[in-house]
Structure formats: C-alpha cells, structure tokens
Amino acid sequence: PGGYQPKPVVALDPAMRADEAMKALLRAELEVIQINEPYIPQDIDSEFVHDYRVALRRARSALAEVNGVFPADITKRLRSDLQFANQFSNDLRDLDVYLLSEERYRALLPSQLRDGIAPLFDHLRDRRTAALDSMVAGLESPEYRRVIAEFAAFLDKPIARNTAARTGRHP
C-alpha cells in the first residue's frame with residue numbers, strides 16, 4: 001500500500017529513556033502489522049503476509065532482547081500475545097513459499113517428469129485457500145483483536161517516571 005516502510009526507520013535520541021525508545025520501535029512495528037492486516041484477506045500479494053509476519057517477529061525479538069526495560073510480567077505477556085497473533089499465518093506463509101517456487105521446483109525435474117508435479121501444486125493451492133480462510137478467521141477473532149488493542153494501548157500509555165523496570169529509565 002501507498003509507500004509504507006516494511007522496515008521502519010525510527011529516529012532515536014541517545015538521551016531518550018530506554019523504555020521510550022523501545023516503545024517507539026514497537027510502535028513502528030505495530031504500524032506495519034496494522035497496515036498489512038486489511039490486505040491479507042484480499043489475497044493481492046503474498047508480501048502482505050510476509051511483512052505482517054516479519055513485523056510481529058521483530059517486535060517479539062526486540063522484547064526478548066531488552067531485559068529490564070519493561071516489567072518482566074508485561075514483557076512476558078506481550079511476547080506471548082504476539083506469538084499468538086503470529087500463529088495464524090504460519091501455514092499460509094509456508095504454502096506461499098512453496099507456491100512461489102513452483103517454477104524452480106519444476107525446473108529441477110527432467111522435462112518428461114515436469115507435468116507430473118502438477119497434482120502436488122494443485123493440492124498445495126487447495127491447502128493455501130484453507131490456510132488463508134483460517135488466517136482471516138484468526139484476524140477477525142475477538143482474541144486477536146484484544147491482543148492488538150492491548151498492545152496498542154500499552155504503547156500509547158505514557159511512561160511512568162518511577163517505573164519498576166530500572167533499566168527502562170536509563171538512556
């Protein structure tokens with residue numbers, strides 16, 4: 001969609017508190033997630049699923065690498081919630097990868113056997129249709145909507161100056 005950055009660039013100030021910087025980074029990833037969500041059901045391009053997944057993975061990885069920036073219970077819950085959000089896309093992305101490489105797989109076979117692989121790819125396309133339906137149902141589920149809304153609310157909540165997460169107060 002119109003010029004978004006799948007790899008967001010976030011301007012950080014070295015004097016920024018770690019928790020503020022982390023929220024800025026996570027907010028950028030949430031924007032990528034939310035930009036891609038409405039395009040996934042439209043099934044226009046597999047890159048929407050890919051960018052969505054990468055943004056979720058980046059957010060989870062960032063949370064895993066910044067011990068003490070947020071209270072441990074919050075970090076644990078956010079990582080668990082983001083893992084839940086990502087699970088809907090696993091099968092769909094795996095199938096997309098296979099289907100995007102169909103011609104390469106055909107080319108690996110001797111010419112007289114290339115047509116024989118067609119039933120496999122027909123089967124993968126059928127499974128992909130089911131995986132897309134499953135992902136769309138997941139994205140529309142109340143639990144997923146709750147997870148994304150709570151993540152956004154956490155990121156929008158002002159930073160407490162006297163946070164229990166001591167590392168979060170440091171630049």
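Two aromatic rings count as a pair if their centres lie within 6.5 Å. The model shown in these views is predicted.

**View 1. Phe84, Phe88 and Tyr144 form one aromatic cluster.** Searching the whole structure gives five aromatic pairs. One of them joins Phe88 and Tyr144.

**View 2. The Phe88–Tyr144 pair links distant parts of the chain.** Phe88 lies in the loop between α3 (72-87) and α4 (90-100). Tyr144 belongs to helix α7, residues 142-156.

**View 3. Lys23 lies over the face of Phe154.** The distance to the ring centre of Phe154 is 4.5 Å.

**View 4. Arg104 lies over the face of Tyr105.** Here the distance to the ring centre of Tyr105 is 4.9 Å.

**View 5. Arg17 makes a polar contact with Asp19.** Arg17 is found in the segment before α1 (18-36). The contact runs from side chain to side chain, at 2.6 Å. Is Arg17 buried or exposed? Its relative accessible area is 12%, so Arg17 is buried. The cut-off for buried is under 20%.

Note on methods:
Residues are numbered from 1 along each chain as its sequence is written. This is a predicted model: local features need pLDDT of at least 70, side-chain atom pairs count only at pLDDT 80 or more; totals for chains, interfaces and linings use all residues. Side-chain values use heavy atoms; hydrogens and water are left out. Rings of Phe, Tyr and Trp (its six-membered ring) pair if their centres lie within 6.5 Å; planes under 30 degrees apart count as stacked, over 60 as edge-to-face and the rest as tilted. Helices (H or I, at least four residues) and strands (E, at least two) are DSSP runs, numbered from the N terminus. A charge sits over a ring if NZ of Lys or CZ of Arg is within 6 Å of the ring centre and within 35 degrees of the ring normal. Buried means under 20% relative accessible area, exposed over 50%, partly exposed in between (1.4 Å probe, protein chains only). A polar contact is a pair of N or O atoms within 3.5 Å; within protein, one must be able to donate a hydrogen and the other to accept it, and residues adjacent in sequence count only if both atoms are side-chain atoms.
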